[in-house]
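This report covers one protein model with its ligand.

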Amino acid sequence: TPSAPPAPTHPLALATVTAPPTSVDGFVREFLRELNFGQGVSLQASTVNDQYLALARTVRHYLMARWSETLRRQRETQSKGVAYLSAEYLLGRQLGNALLATDLTEIVADGLSQCGIELADLRAQEVEPGLGNGGLGRLAACFIDSLATMSVPCIGYGIRYEYGIFRQTFVEGRQVEQPDSWLALGAPWEFPHPENARRISFGGSVADHTDDDGVVRRRWTPAWDVNALPYNYMVPGYRNGRVNTLRLWRAQATDAFDLKIFNSGDYEEAVRAQTFAENISKVLYPEDSTPQGKELRLQQQYFFVAASIGDFIDQQLPEDFDLAQLPERIIFQLNDTHPVIGVPELMRVLVDEKRLEWGAAWEITKKCFAYTCHTLLPEALEVWSVDLLGRLLPRHLEIIYRINEEFLAEVRERFGDDELRIRRMSIIAEHPERSVRMAYLATVAGAKVNGVAELHSQLLRDKVLPDFHEFYPGKFTNVTNGITPRRFVRLANPSLSELITDTIGVGWLTDLERLRGLEPFAEDEEFRARFRAVKAGNKRRLDAVLRERDGVGVHDDHLLDVMVKRLHEYKRQSLKLLHIVTTYDKIVSGEVDVADVTPRTVIFGAKAAPGYKMAKEIIHLINAVGETVNNDPRVQDRLKVIFPPNYNVTLAEKVIPAADLSEQISLAGKEASGTGNMKFALNGALTIGTDDGANVEIRQLVGDDNFFLFGMLEPEVEDLQTRGYVPSSFYEADADLRRAIDLIASGAFSGGDRATFEPVVSNLLYEDRFMVLADYAAYIEAQAAVDAAYADTERWTRAAILNVARSGFFSSDRSMRDYIDRIWATPPSF
Ligand code: 8GP
């Protein structure tokens, strides 16, 4: 029998992890060690990438002691925490945030410069992990940042996609997607733990089986499986000594390859199973709200959720943990419906593996999940065909059926045999094919259901899930989204941050309501001048970035008008475009004197889902209009349209602080919340916006005088829909609109070819699902008000300052407090 290993005796071995000294010398020593022994190069021979990787690892060393201490205390206290389940995390670059959290920026910049290296060059070397599509993924990243900063125990669980959101390029103005190989130059922030791999099963069949305790249970015999390998990432709190964990799963074949087949020379066949398995974490689905790519997507969802729940129960809980206590220890937050298959998975684990009674397992499960909905578009509410689910996860389908049966029995008990209601509320839809409504499953199983802004939560209750609201009135709540001020103010806008700290002192970064202290300074002329200087500096910085990146610049005397977000018809980039075309038309027709036009640069940033044809047509049109407008001498450079490709978090951090005007112009009742809108307000841009999503709350807070509201309200939209919306009637009735649309139709932006943009034009004229034409006149009028307001520099600056001062509510720290109070009951720990 092997003897037990000796206990450690060396004094160094007894100590916990220690951080390197926080000094320039301490840093340089550590950095060079990483460069020499980690990267295996001398400073003299190193490339920028070597230096970046060595720096990232060095910064990790400073976080390591805090991380291991956080983990140790969590094991010890077992205090209640959040497991955030999200198929997307749009993290953005890590280095700047890690330096900020550890307060090492100055030491590192100094140390590097003594090594002949510019910190900025190394920061620019980092490729951001684009493991998300848009708002939903970025929200997850903001939330884990806030939880770490607020010392709330949290594990983020997700997928380590080998390829994140595609890299967008334009070829002759059209979007062309390139793979995003974010791992190609090394992944210094991750910690793989292959020894903690979990086996995830799929397919096969289910049958009764008499277990060793004599009880007959359902037994799932899967047909195939894959390994889930965890990769850990640090999630540092802001200067509070806490580091939480983000754990992303990578798929790997359980059998590497078939050596016999390989040796016989059939190399493709030998690795077939491997390719198949690894496809599961190969690529992020590049769509924002239209369901597609079916089977692999369901595999991805089950893969990461099963790995995460299994990991939590087997690895995070003490061995003798009483599972009846699970709700006191964890809440699984479902970030939209992607992880909802976790509900039957937890039931399966509790009933089939841990041998709990169904009823006891259901009591636990109902308390362990909560569901956030992020959309209002019916086509974005996920459903899985029973056929596919039954093939891929037969046991889970059985469990869903039973949950549904018991739920519908409860509905019957309350409402009698109201068959219409039963059919409406069933988790199983019968048409157009039998399928599982994941949002309903989440609502039945979740302890709470929340929308992401006041208006959205109200519409969710009244329009999307009214029967459920009637049945479970206490279940529904709202948590308005938020954004992390660490990344989107402090890191993105250092000069504004400095001005704020100079004016109201430190502390605002973790208590953003303190920005209220800036309000009186809106009346201070000198402060306003400094505020304007910050904005101008940010425009120059953006100018430099865009010149280097895309060879285009921005004038610093132009009103900078920005619309950055996914390309979707409901967001109405085409409305912004019609405004541009109208302005252009008035200049070239001589209706207005070009000298009277407020100089503006419009920046677009937007990716379209590769399969979303109309969105891609609109991208093409934006580029075409930009090309024409920018090169027409009659415009005299007073109107510019620029569309840098591949909008991402890194670019957002440069664009948003420079903006004067924030475009939030979705059709009322369609944008669940928006979070870009909050980033702009906090960086001193004024919003032109509809009464939609969180715009409503922004306007209430900043005040009507400091916000350009336009367009139909949600009930008016409903009303027009019911009366029958005829877009062409708006075209007929408005001469400016007619001219703008006719100009596009005439081929003015497509070298005279009328066919190129015909699909966009006829969509607007004969379909216009999102009522662009109905809101056009109001939008043009609101833009005229923008021009007038911008002409009064002092007034504009006052309004911009008040936007900053009154937007503290939109910190994701506040969102997290709301989740804790209304949903999670997870107090800060240590
Ligand atoms: C987005 C919403 O469109 C946006 O308004 C909101 O700010 C953001 O989520 C964060 O809450 N929703 C989605 O990205 C979304 O619904 N994606 C579909 C796959 C569900």
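## Ligand shell

The model is predicted. The shell around the ligand is made up of five nonpolar, ten polar and three charged residues. Out of these 18 residues, the ones that come nearest to the ligand are Gly 135, Leu 136, His 374, Thr 375 and Ser 673.

Because domain 1 (78-93 + 128-167 + 177-447) and domain 2 (494-817) both give residues to it, the ligand lies between the two domains.

## Model confidence

The protein has a mean pLDDT of 96, and 99% of its residues reach 70 or more. The ipTM is 0.98 and the pTM is 0.98.

## Helix H18

Helix H18 spans residues 438-445, and eight of its eight residues are buried, so the helix is largely enclosed by the rest of the structure. The buried residues of H18 are Met 438, Ala 439, Tyr 440, Leu 441, Ala 442, Thr 443, Val 444 and Ala 445.

In an α-helix there are 3.6 residues a turn, so residues three or four places apart point the same way.

## Hairpin S5-S6

Strand S5 (residues 167-171) pairs with strand S6 (residues 174-178) in the antiparallel sense, and five bridges connect the two. Within this pairing, Thr 169 has Val 176 in S6 as its bridge partner. The two strands form a hairpin with two residues between them, and in the turn Glu 172 has a positive phi of about 50 degrees.

## The six-stranded sheet

Six strands make up an open sheet with parallel pairing, in the order S22-S21-S20-S23-S24-S25. Its edge strands, S22 (639-642) and S25 (707-709), each pair on one side only. On average, neighbouring strands of this sheet are turned by 20 degrees against each other, direction ignored.

Within the sheet order, S20 and S23 stand side by side. Strand S20 (residues 559-564) pairs with strand S23 (residues 661-664) in the parallel sense over two bridges. Asp 561 stands opposite Leu 661 in S23.

## Tyr 161

The loop between strand S4 (154-159) and S5 contains Tyr 161. Is this residue buried or exposed, with 26 other C-beta atoms within 10 Å? Tyr 161 is buried, because a residue counts as buried when 20 or more other C-beta atoms lie within 10 Å of its own.

Tyr 161 is 541 residues from Val 702 in sequence, and their C-alpha atoms are 39 Å apart in space.

Methods
Residues are numbered from 1 along each chain as its sequence is written. This is a predicted model: local features need pLDDT of at least 70, side-chain atom pairs count only at pLDDT 80 or more; totals for chains, interfaces and linings use all residues. pLDDT is the predictor's confidence in each residue, from 0 to 100. A residue is buried if 20 or more other C-beta atoms lie within 10 Å of its own, exposed if 12 or fewer, and partly exposed in between; C-beta atoms are placed from the backbone. Helices (H or I, at least four residues) and strands (E, at least two) are DSSP runs, numbered from the N terminus. A residue is near a molecule or strand if its C-beta atom, placed from the backbone, lies within 6 Å of it. Ala, Val, Leu, Ile, Met, Phe, Trp, Tyr, Cys and Pro count as nonpolar, Asp, Glu, Lys and Arg as charged, and the others, Gly among them, as polar. Domain bounds come from an automatic or database domain assignment. Two strands pair if DSSP finds at least two bridges between them. Axes are lines fitted to C-alpha atoms, for helices over the stretch in contact, and angles run from 0 to 180 degrees between N-to-C directions.
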